[in-house]
Amino acid sequence: MITERAMLVAVHISLWTAVKHDRKISQDVAHQHGAHLGAGRYNKHLLNGADKLDALRTLAGQIRQYLYKITLPWSDEGLRLLPNELYFDLMKRMREFETAFEQGVEDFLLVYPGYIEQVKPELNGLFREEDYPSLDRLRGKFSLSLKILPIKCGADFRVKMSAEERARIAREIDADVRQALTEGTEDLWKRLREVVSHMVARLNEPESRFHASMVTNVAELVEILPRLNVNGDPDLNRLATEARERLCNYSSQELKKHDLLRVTTATDAADIVAEMDNILRNRDAQTKLVPVPVADPTVDQIFSHMSAFLEAPAAA
């Protein structure tokens, strides 16, 4: 069952924005132009050139990117699906991120008073001492946390209510889980197609600059893809293997220097993209030709088959 092979995770990151809405200036501008008071907002940038704060913003972006890399989309609330196999990878990396984040906050707080003195003449008449929180208050505006939750299951929904209503809600839970798993698989197809298509485009422009990431992005994705493929899509696993064996044998610089390697790899990459498109077209056609029947099961049938709804073959 998917509930036993994966979990939901979310990372929450809070940063001080160093931006302040100045109501007085906003009102002054509105009066000056005869506009209504809600016509616009004047937001002050309280710091300028605060590289320690910029470093924290960069780190926050890296944390989110890493989470997106090893998880699949799940819900609009920011929850992501994490396969069990990647749990320890995430925890190890998060400990490193937490250490770097805490140190980054302390580094910023250490130079924060200097940043204020530096920006005073730049803000000039807009400077307000009260806009700047104390060190203690400022420290509280930074946080990094990881939330881990189980995947909900309709069979676990045991609220006391009529059997019909309970079955209806359980059906909705089951449908949400299946839809999220489908979207997660679609996300993997999209990721693989993007990195391989990018390789095709770059290799077909030999005069352009070849970044190392052209190859490493493919290599990193095909390495992790089988573990992310919680729906066990065999075509995805096969194409990942194909991409690793045909596209990851040479560095970007080697491909740029040697025309034969570049043309051969470009052809291989184009073949893989074409194969992916063909598979997806066939699947789309089959879906249209064979509409999914709308079942109207009884209450007993719904609960007796709830586990089967959530069952998915293990990733190869």
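**Reading helices, strands and core**

Tutor: Helix α6 passes α7 in a left-handed crossing. A crossing is called left-handed if the near helix is turned anticlockwise from the far one by less than a right angle, and right-handed if clockwise. This is a predicted model, in which local features need pLDDT of at least 70 and side-chain atom pairs count only at pLDDT 80 or more, while totals for chains, interfaces and linings use all residues. Residues are numbered from 1 along each chain as its sequence is written, and side-chain values use heavy atoms, with hydrogens and water left out.

Student: At roughly how many degrees do the axes of α6 and α7 cross?

Tutor: First, the terms. Helices (H or I, at least four residues) and strands (E, at least two) are DSSP runs, numbered from the N terminus. Axes are lines fitted to C-alpha atoms, for helices over the stretch in contact, and angles run from 0 to 180 degrees between N-to-C directions. Here the axes of α6 and α7 cross at roughly 160 degrees and come within 10 Å. Angles under 35 degrees count as roughly parallel, over 145 as roughly antiparallel, 65 to 115 as roughly perpendicular and the rest as oblique. The two helices α6 and α7 are therefore roughly antiparallel to each other.

Student: Within how many Å do the axes of α3 and α4 come?

Tutor: The axes of α3 (residues 51-70) and α4 (residues 87-123) come within 8 Å, crossing at roughly 165 degrees. That makes α3 roughly antiparallel to α4. The crossing of α3 past α4 is left-handed. Sorted by class, their contact has 16 nonpolar, two polar and five charged residues. For these classes, Ala, Val, Leu, Ile, Met, Phe, Trp, Tyr, Cys and Pro count as nonpolar, Asp, Glu, Lys and Arg as charged, and the others, Gly among them, as polar.

Student: What is the order of the strands in the open sheet?

Tutor: Two strands pair if DSSP finds at least two bridges between them. The open sheet has four strands in the order β4-β5-β1-β6, with antiparallel pairing. Its edge strands are β4 and β6, each of which pairs on one side only.

Student: How many bridges join β1 to β5?

Tutor: Strand β1 (residues 6-14) and β5 are joined by four bridges. Within that pairing, L8 stands opposite L81, and V9 has R80 as its bridge partner. With β6, β1 pairs over seven bridges, and there L8 stands opposite L149. On the other pairing of β5, two bridges join it to β4 (residues 72-73). L72 stands opposite L81, and P73 is the bridge partner of R80. Between β4 and β5 of this hairpin lie six residues, and G78 in the turn has a positive phi of about 95 degrees.

Student: Are the residues on the two faces of β5 buried or exposed?

Tutor: In a regular strand the side chains alternate between the two faces of the sheet. Buried means under 20% relative accessible area, exposed over 50%, and partly exposed in between (1.4 Å probe, protein chains only). In β5 (residues 80-83), R80 and L82 on one side and L81 and P83 on the other are all buried. Strand β1 is mostly covered, with seven of its nine residues buried.

Student: Which residues have the most contacts inside the largest nonpolar core?

Tutor: In soluble globular proteins, nonpolar side chains tend to be buried together. A nonpolar core is a set of buried Ala, Val, Leu, Ile, Met, Phe, Trp, Tyr and Cys residues joined through side-chain atoms within 4.5 Å. The largest one here has 80 residues, and those with the most contacts inside it are W16, L47, F108, Y132 and L192. Elements giving two or more residues to this core include β1, β5, α3 and α10 (259-289). The largest share, 12 residues, comes from α4.

Student: Where does A18 lie?

Tutor: A18 lies in the loop between β1 and β2 (19-21). Its phi is near 60 degrees, a positive value in a residue other than glycine. A18 is buried, with a relative accessible area of 3%. N124 also has a positive phi, about 50 degrees, although it is not a glycine. N124 is found in the loop between α4 and α5 (135-139), and is exposed at a relative accessible area of 61%.
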